[in-house]
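Open your viewer and get ready to select a few side chains with me.

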Amino acid sequence: MTIAFVFPGQGAQTIGMGKALAEAYPAAKAVFDEVDAALGEALSQLIWEGDIETLTLTQNAQPALMATSLAAMRALEAEGVSIDKAAFVAGHSLGEYSALAAAGAISVADTARLLRTRGQAMQSAVPVGEGAMAAILGLDLEAVRAVAEEAAQGEVCQAANDNDPTQVVVSGAKAAVERAAEIAKEKGAKRAVMLPVSAPFHCALMQPAADVMAEALADVAITSPAVPLIANVRADAVTDPDEIRKLLVEQVTGSVRWRESVQSMAAKGVTEFWEIGAGKALSGMIRKIDRNLTSRQVGTAEDVAAITAG
């Protein structure tokens, strides 16, 4: 059995995530303490006792989800399961930063600061209400690309997330994305759902945020990860620190090639995926990508106990 560790992206956040891990494992609590110190605020208090609207703000959700993933990773390590149990790491959008931190390529403190910067930059790149994203269900990537091209009409409209064979997300100018949703339904999509997001992620409108991240990443120490990263924008393995830095900048405006990333790992022999952190969205996608692959969640103290007992 060959395993990959995968790390969730925005949307998986819940109030209380990681609290039981922190209570059960001092090493998990230390992650939240380190993130709080790096940001100069009690983010852990917001995660565990705050309101979901504030936690869902991009600048909070991104470091919060990373902290929860790294807490789960530290709990696994406390039980004797190290990062080299995995053949590869990968993450969905911001989860790529969690994957790199878990694999030791970027420190937890630097990752927290980068994700706070990333969240703020992505939020401010496009005025609220001018951008949008929509999930197109029931059309494949090529069909959605054609829909986006037809809907653009001189505005930005791109396939942003290729999540699984049944779901591709489009991102761009609000009117163009709304047109894409209607065109997709005309072209046979089962559903086209406007997403409750605060900005149009992973499209050309995010170029100002990419510029900010290029500057931020230039000043951060990145080393080779302990296990190869399957990068979002390449859907293939990367270990070179300079290449990782470049791809993290490209990721801001580039598509999250999640379906291809999972297929790439499967082609390299991965048969089981451990979703490290909050939620189970990635496990659902993985099942739709390849029914022969298995997945399990590692987001609670009970999950860690189940894995180490088995």
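Start by selecting W48: at 16% relative accessibility, W48 counts as buried (buried means under 20% relative accessible area, exposed over 50%, partly exposed in between, with a 1.4 Å probe and protein chains only). Before moving on, note that this is a predicted model, where local features need pLDDT of at least 70, side-chain atom pairs count only at pLDDT 80 or more, and totals for chains, interfaces and linings use all residues. Residues are numbered from 1 along each chain as its sequence is written, and side-chain values use heavy atoms, without hydrogens and water.

Next, look for aromatic pairs, of which the structure holds two (rings of Phe, Tyr and Trp, the last by its six-membered ring, with centres within 6.5 Å; planes under 30 degrees apart are stacked, over 60 edge-to-face, the rest tilted). Select F5 and W274: this pair is stacked, with 5.3 Å centre to centre and 20 degrees between the planes. F5 sits in strand 1 (residues 3–7) and W274 in strand 9 (residues 272–276), 269 residues apart (strands are DSSP runs of E, at least two residues, and helices of H or I, at least four, numbered from the N terminus). F5 is buried at 0% relative accessible area, and W274 is buried at 3%.

F32 belongs to helix 2 (residues 26–39) and W48 to helix 3 (residues 43–49), so the pair ties together parts 16 residues apart in sequence. F32 is buried too, at 1% relative accessibility.

Finally, select K190, in the loop between helix 9 (174–186) and strand 6 (191–194). K190 counts as exposed, at 72% relative accessibility.
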